[in-house]
Amino acid sequence: MKIQNRGKHIAALLLLAFISYGCASTSTSNLSTKPAATAKEQTTYAGSIVGKSNKAKTISIKTGGEDGTAMMVKFDDNTKGVEFAEKGEAATIVWEQRGEDKFATVITPKLAKLPEGVTEIKVEEIHQLISNGMPMTLVDARPESRYDQAHLPEAISIPVPKLKKMQAAVLPDDKDKLLVFYCGGPT
């Protein structure tokens, strides 16, 4: 019985050693030095579209902000949302690896997240409020040149850079009045 117990102890120790240290290898092949977390490649790019070629069926997107890197993906007839890949626009591209190439599967506009307490209002809703004479302050956040071309009735121009620079100093004094900002598209 002592031999059987010793055998069980040796088997348990060997099992513990394999679990703790893995199996030793005498292979001379190079082992990957990549951490396990980066082994799976990212499948989404988010950033600004820097170019699109309908002839080559490619889209370049700059990820990582000002100092970011331009990444290129291909697209085909099955890619959804190609119309959102316009130069200068923010977008999110979901892609998949096909052989050596990355192919976009879905492209969506990258919309800004609204701060807490801020509610999105649809075009139909703002039209209804204006038609009903709701007291409000309408702020056109587009560049002044766009405001000068056309704007909603009674809207005041406070372009985003001016708002960022001056913050509350440019906002209306009446804090109980509905305050609506609008711009030129999805942001």
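Predicted model: local features only at pLDDT ≥ 70, side-chain atom pairs only at ≥ 80, totals over all residues.
1. Strand β6, which covers residues 136-140, pairs with β8 in the parallel sense, and the two are joined over five bridges.

2. The sheet to which these strands belong is open and has three strands in the order β7-β6-β8, with parallel pairing. Because β7 (156-157) and β8 (178-182) each have a single partner strand, they stand at the edges, and one side of each is left without a neighbour in the sheet.

3. Helix α2, formed by residues 123-131, lies across both β6 and β8, and its direction makes an angle of about 130° with β6.

4. Elsewhere in the chain, Val73 is found in strand β3, which spans residues 69-74. Val73 counts as buried because its relative accessibility is 1%, a value under the 20% limit for that class. Leaving aside residues up to four places away in sequence, Val73 touches Tyr45, Lys57, Thr58, Ile59, Ile93, Trp95, Lys102 and Ala104. Ile61 is twelve residues from Val73 along the chain, and the C-alpha atoms of the two are separated by 8.3 Å.

5. Trp95 and Lys102, both among the contacts of Val73, are also related to each other, since the charged end of Lys102 sits over the ring of Trp95 at 5.0 Å from its centre. A further placement of this kind involves Arg98, which lies over the face of Phe103 at 4.3 Å from the ring centre.

Terms used:
Residues numbered from 1 in each chain as written. Heavy atoms only, no water. Lys NZ or Arg CZ within 6 Å of the ring centre and 35° of its normal. Helix = DSSP H or I, 4+ residues; strand = E, 2+ residues; numbered from the N terminus. Buried < 20%, exposed > 50% of the residue type's maximum accessible area, 1.4 Å probe, protein only. Contact = heavy atoms within 4.5 Å. Pairing = 2+ DSSP bridges. Axes fitted to C-alpha atoms, helices over the stretch in contact; angles between N-to-C directions.
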